[in-house]
Amino acid sequence: MLEIKLPAELAEELGLKGARELENHARLLLAIDLYMSGKVSLGRAAELAGLSYDEFWEALRERGLRIRIGPKSLEEARAEYEAAKRFLR
């Protein structure tokens, strides 16, 4: 676990209620950044954000971001498959 100190005003400016909502927001933004830069698959990004595959996909759509179609490599395909299996259990 990593601890980061941020001013309370940051959550207020974003319209978030408390540290938990700010943490969830930050996790989502960081996961989106990793996904959009091609560093992680959609499934892995969803997992890092603490969302289901569909919820993460919707978060991208709400922000007007395009979803990368298909894995870039066999390794990425396997990672997506494993992440999807964990969510389907």
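**Figure 1. Surroundings of alanine 45 in the predicted model.** Setting aside neighbours within four places in sequence, alanine 45 is in contact with Ala31, Tyr35, Val40 and Phe56. Ala45 belongs to helix H3 and is buried there. Ala31 and Tyr35 are also residues through which H2 contacts H4. Phe56 takes part from H4 in that contact.

**Figure 2. The largest nonpolar core.** This core has 13 residues. Leu28, Tyr35, Ala45, Phe56 and Leu60 touch the most other members. Helices H2, H3 and H4 are the elements that give two or more residues to the core.

**Figure 3. Helix H3 against helix H4.** H3 covers residues 42–49, and H4 covers residues 53–62. Their axes come within 9 Å and cross at roughly 95°. A crossing angle of 65 to 115 degrees counts as roughly perpendicular, and H3 and H4 are therefore roughly perpendicular to each other. On the H3 side, the contact is made by Leu42, Gly43, Ala45, Ala46 and Ala49. H4 contributes Tyr53, Phe56, Trp57 and Leu60. By class, this contact has eight nonpolar residues, one polar residue and no charged residues.

**Figure 4. Helix H2 against helix H4.** H2 runs over residues 18–36. The axes of H2 and H4 come within 11 Å, with a crossing angle of roughly 85°. That makes H2 roughly perpendicular to H4. From H2, the contact involves Leu28, Ala31, Ile32, Tyr35 and Met36. Phe56, Ala59 and Leu60 meet them from H4. Eight nonpolar residues make up this contact, with no polar and no charged residues.

**Figure 5. The buried and exposed sides of H4.** Phe56, Ala59 and Leu60 are the buried residues of H4. Seen down the helix axis, they fall within an arc of 100°, so they line one face of H4. An α-helix has 3.6 residues a turn, so residues three or four places apart point the same way. The cover over the buried residues of H4 includes helices H2 and H3. On the other side of H4, Asp54, Arg61 and Glu62 are exposed.

**Figure 6. The buried side of H3.** Leu42, Gly43, Ala45, Ala46 and Ala49 are buried in H3. They cover an arc of only 165° around the axis, which puts them on the same side of the helix. Each of these residues also takes part in the contact of H3 with H4.

**Figure 7. The whole chain, for orientation.** The protein chain has five helices and zero strands. From the N terminus on, its elements run α-α-α-α-α. Along its principal axes, the C-alpha trace spans about 45 × 30 × 20 Å. The chain has 89 residues, of which 25% count as buried. Among contacts with a separation of 6 or more, 49% come from residues 24 or more positions apart.

Key: Residues are numbered from 1 along each chain as its sequence is written. This is a predicted model: local features need pLDDT of at least 70, side-chain atom pairs count only at pLDDT 80 or more; totals for chains, interfaces and linings use all residues. Side-chain values use heavy atoms; hydrogens and water are left out. Axes are lines fitted to C-alpha atoms, for helices over the stretch in contact, and angles run from 0 to 180 degrees between N-to-C directions. Helices (H or I, at least four residues) and strands (E, at least two) are DSSP runs, numbered from the N terminus. Angles under 35 degrees count as roughly parallel, over 145 as roughly antiparallel, 65 to 115 as roughly perpendicular and the rest as oblique. Contact means heavy atoms within 4.5 Å. Ala, Val, Leu, Ile, Met, Phe, Trp, Tyr, Cys and Pro count as nonpolar, Asp, Glu, Lys and Arg as charged, and the others, Gly among them, as polar. Buried means under 20% relative accessible area, exposed over 50%, partly exposed in between (1.4 Å probe, protein chains only). The arc is that of the directions from the helix axis to the C-beta atoms. A nonpolar core is a set of buried Ala, Val, Leu, Ile, Met, Phe, Trp, Tyr and Cys residues joined through side-chain atoms within 4.5 Å.
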